Amino acid sequence: MQISNSVESKLRELASHGKTLNCYIYDTREMRNKIIHLTDIMPAGVEVFYAMKANPHAAFLAAALEADAKGIEIASLGEAEKAVAAGFDASRLIYTGPGKSVEELTWAVEHSLRTVHIESLTEAHRLNGIAAAAGKTQDILLRINADFDIHEAQTTFSGGSKKFGVDEEKLSSVLPQILALGALNFRGLHVYAASGVLKVSDLLKNCELVFGMAKQIEADFEGVLCDTIDFGGGFGVDYLESEHDFDPQAYADGLKALIEQYGFAGRTFFLELGRYLAADSGWFCTEILDIKDSRGKKQVICAGGINHFRRPAALAINHPLAIVRLNREKMFDGQETIRDESVYFGGPLCTGADKLANDVYVEAADIGDIAIFSLAGAYGLTMSNIEFLSHERPEEIVLS
Ligand SMILES: Cc1ncc(COP(=O)(O)O)c(C=O)c1O
């Protein structure tokens, strides 16, 4: 993968300081453009939220604010506080995720969040008690674990036995109980099928399924309207550079057709996107500290491993890799190099799980060069084992 001139020149400047290089570089212009583009092409009623779990760094929140994202999808009080600090009014936050504590739900009610997404009957009762005690009514969406599974996705959130939402087949018994809770205002459904989906038709199938559920609810329960429907996130990123990028225009066209088909014009639809918005705004850059030949295969040891970039190991994929050559002086004769071969990249941690990439082709690299893993803006540092072995935290450098 080609690295932009601005990233490469920043790295060369950092390398000239002489300190071991191990950092994230962020340039959020692409994220801003994506939010603006999506907002532009989506059918009327679709609102684009940034799922900040993908990258909670202030630069990403600032990009979402500048691009006029409708708001932020949060999944903890910590995320809520960061979003508010970045300039998002609490009324622009939607709150998802299983296992919200009393303190978190109390904060949500006190700050009148746009919607709280109910994951179970227990949570509905807990929130209702808190809202009733505060003399308030809280808008909610009910999250459903649909009987639908996108097999090819990197991570699935519905289908089978899941910790997310209420099983679809229990809807007819659970919904009346939720509707009876006086301090909750039912606005509609949240069905999030899977993350990292590249096939538009798979995600549209999920939309169609939710529309069918909404219709059924409205037929079964007089006076109940699903005026807000949340499709979750899931727009994928082509980590394998297989030229199968997610096509947002095809999604927008397909969704528009479904909205017309179901007569749902005038309703509100949430997209809470993380990966697709943030991935190509970040690079994990780490110095090659050692190269050794182990029984015929080169082992490349970098300054940072899964403590700083866990995603490739967690999902068993290679991110696109580039090398910035620094032509450092060799320390001794016979020092290993890499020339035109497939190798293993790991970090400095004392575990075999510390993998950054495996069987990855490298044209040329030497000790002291910088390995750059692209598409690291989403689920990079934030989902890494940062405390393990107590290495220094990588700097997060913002270009723009
Ligand atoms: C509830 C919820 N919404 C949105 C997202 C963002 O998903 P993605 O990064 O696939 O867009 C996630 C990811 O786990 C999620 O759990």
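**View 1. Residue classes in the shell around the ligand of the predicted model.** The shell consists of 6 nonpolar, 7 polar and 4 charged residues. In total, 17 residues surround the ligand, and Ala51, Ser195, Gly233, Gly274 and Arg275 are the closest. Two or more shell residues come from each of β12 and α10 (275-278).

**View 2. Strand β2 and its pairing with strand β12.** Strand β12 (residues 268-273) runs parallel to β2, and 5 bridges join the two. Within this pairing, phenylalanine 49 has glutamate 272 of β12 as its bridge partner.

**View 3. Strand β2 and its pairing with strand β3.** Strand β3 (residues 71-74) also pairs with β2 in the parallel sense, here over 3 bridges. Alanine 51 is bridged to glutamate 73 in β3; Ala51 is also listed among the closest residues to the ligand.

**View 4. Domain 1 and domain 2 of the protein chain.** The domain assignment places residues 5-26 and 280-398 in domain 1, and residues 89-273 in domain 2. Taken over C-alpha atoms, the centres of domain 1 and domain 2 are separated by 38 Å. Contact between them involves 5 residues of domain 1 and 5 residues of domain 2. On the side of domain 1 that touches domain 2, 4 residues are nonpolar, 1 is polar and none is charged.

Technical notes:
Residues are numbered from 1 along each chain as its sequence is written. This is a predicted model: local features need pLDDT of at least 70, side-chain atom pairs count only at pLDDT 80 or more; totals for chains, interfaces and linings use all residues. Two strands pair if DSSP finds at least two bridges between them. Helices (H or I, at least four residues) and strands (E, at least two) are DSSP runs, numbered from the N terminus. A residue is near a molecule or strand if its C-beta atom, placed from the backbone, lies within 6 Å of it. Ala, Val, Leu, Ile, Met, Phe, Trp, Tyr, Cys and Pro count as nonpolar, Asp, Glu, Lys and Arg as charged, and the others, Gly among them, as polar. Domain bounds come from an automatic or database domain assignment. Two residues are in contact if their C-beta atoms, placed from the backbone, lie within 7 Å.
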